[in-house]
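Biologist: Please take a close look at one part of this model, the aromatic rings and what surrounds them. I would like one connected account, with the cut-offs behind each term.

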Amino acid sequence: MAVPSVMVLPMLIVVAAGLYYIYNEVMQFMSKSLVENKVVVITDAVSGVGTECAQLFHRGGARLILGGTSWDKLESLYDSLTNDADPKETFAPKLVILDFGDMDSMEDVVAEVTECYGYVDVLVCNSSVKVKAPVQSVSLQQDRNIMDVNYFGPSTLAKGVLPAMMARRSGHIVLVNSIQGRLAIPFRSSYSASKHAAQAFFDCLRAEVEEFGVVVSTISHTFINVSDPPPVKEPGPKPNTVAAFMAGMLTHGVRPSVLANEIMQTVNRKRKEVVLSHPVPRVAVYLRTLLPSFLSAVLAAGVKESALAQEMQ
């Protein structure tokens, strides 16, 4: 019996969706073995995303080196990972005090990290600090601190583990960056600048080390959503259109577990560039390239309307 032509397209869509689902399930199953025995360094492992990453890689059988600024929090994470783990299938993590805000300590940190196993297979640069304020309100010291944590720290650590990766002709460096490494947002000048710098550094690094078999990946995500959705506000004066729209977009953050899973999949599939966001930031990134003047005008209008709305309150 012939299939009506009107049914061909829906059937193809269903089949394609089914194949895609099976592919993802197979990749998730394989992820447990792809990182097995790999030496994986995770910075800021005690953060929401870092903790989720540590759990995923630990269950996958990776040899973890967990970095963080608080020894107590690192030990608590260590306990949570090892209490219910099977020592025959997992490795006890190694802990390292790692504070990108203290660049003077980085030489010792790099030495400690590399001495744990003698090499690193995967480096996940997850640390980040941000500030939201007008440009004139941010001190030079704050600028420097943000650049240290978001740019100089990850780049210094990457340089530290790189020689062994190049010598072994194997390795993967993952920068967990931000969509603001591709698109500058008003009132986040220092944060956006640091993320742009990190994006550029790791883009250059990717091209330079490809011949040595080292993979460099960047993940550009929207803000990390660690809280519940905001409560519904009582009816009131209608806010300005641009500001209300942009504020509404902030509810579309990325959950730590979702981002951690994307990091794992990026390592498994050796993806080089990942954008993890809903369509609006993606479109804005394209507008930044294709119609920069238009995007600038929209952002400037949003700033003006927000200021006007605050004056009227």
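Modeller: F202 is buried, since its relative accessible area is 0%, where buried stands for under 20% relative accessible area, exposed for over 50% and partly exposed for what lies in between, with a 1.4 Å probe and protein chains only. The model is predicted, so local features need pLDDT of at least 70 and side-chain atom pairs count only at pLDDT 80 or more, whereas totals for chains, interfaces and linings use all residues. Residues are numbered from 1 along each chain as its sequence is written, and side-chain values use heavy atoms, with hydrogens and water left out.

Rings of Phe, Tyr and Trp (its six-membered ring) pair if their centres lie within 6.5 Å, and the planes are called stacked under 30 degrees, edge-to-face over 60 and tilted otherwise; this rule gives three aromatic pairs. One of them is edge-to-face because the rings of Y151 and F201 have centres 6.0 Å apart and planes at 80°. Y151 belongs to helix α5 (residues 140-168) and F201 to helix α6 (residues 189-209), so this pair ties together parts 50 residues apart in sequence, a helix being a DSSP run of H or I with at least four residues, numbered from the N terminus. Both Y151 and F201 are buried, and F201 also forms an edge-to-face pair with F202, at 5.2 Å centre to centre and 75° between the planes. F201 counts as buried because its relative accessibility is 18%. Y151, F152, F201 and F202 together make up one aromatic cluster.

Conventions. Helix = DSSP H or I, 4+ residues; strand = E, 2+ residues; numbered from the N terminus.
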